[in-house]
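Please open the structure in your viewer and keep the sequence beside it, as the stops below are meant to be followed in order.

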Amino acid sequence: MPVPPTVAARSSATPTPTLAAPPTRPAPRAHRRTDTPPAGAAMEKKGEQAAGDVVRWAVFCCALVPVVLVVYGTSLAGAAGAALGLVSVTAACRLLLRRSERGLRAETPHGGHRR
């Protein structure tokens, strides 16, 4: 009985695909613009904005969570207790954020400690 054509009967001379060379990156710039502010100043502003955003979102959640708790059936006293707890945690976190920002500002090159 003859054997039907299978994979073994196929030629192994099929061309294999070749990989293209990876794209090359452009050479880095050799000079630096002098009209831009130093990177540290931009980072300080970005950090202050991020801390402000965190505090704003926390205040929003302090107002939203009690409303959601009341809608889902929690008593007003329970929602008020949750709101009070959230407000106290938010206030403590805000205090710590501000204190760390002041400490970082004191360590910048203008303060003389950080290099």
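The tour goes from a helix to one of its residues and then to the cysteines.

This is a predicted model, in which local features need pLDDT of at least 70 and side-chain atom pairs count only at pLDDT 80 or more, while totals for chains, interfaces and linings use all residues. Residues are numbered from 1 along each chain as its sequence is written, and side-chain values use heavy atoms, with hydrogens and water left out.

Begin by selecting residues 76-107, which form helix H2; helices here are DSSP runs of H or I with at least four residues, numbered from the N terminus.

Within H2, now pick out Ala79, Ala83, Thr90 and Glu101, which are buried, meaning under 20% relative accessible area, whereas exposed means over 50% and partly exposed lies in between (1.4 Å probe, protein chains only).

Stay on threonine 90, whose relative accessibility is 15%, and show its contacts (heavy atoms within 4.5 Å): leaving aside residues up to four places away in sequence, threonine 90 touches Ala58, Val59 and Cys62.

Where a disulfide is a pair of cysteine sulfur atoms within 2.5 Å, the count is zero; for cysteine 62, the nearest cysteine sulfur belongs to cysteine 61 and is 7.2 Å away.

Finish at cysteine 93, which is partly exposed at 42% relative accessible area, and whose sulfur is too far for a bond because the closest cysteine sulfur, in cysteine 62, is 9.8 Å from it.

Key: Helices (H or I, at least four residues) and strands (E, at least two) are DSSP runs, numbered from the N terminus. The expected span of a helix is 1.5 Å times one less than its number of residues.
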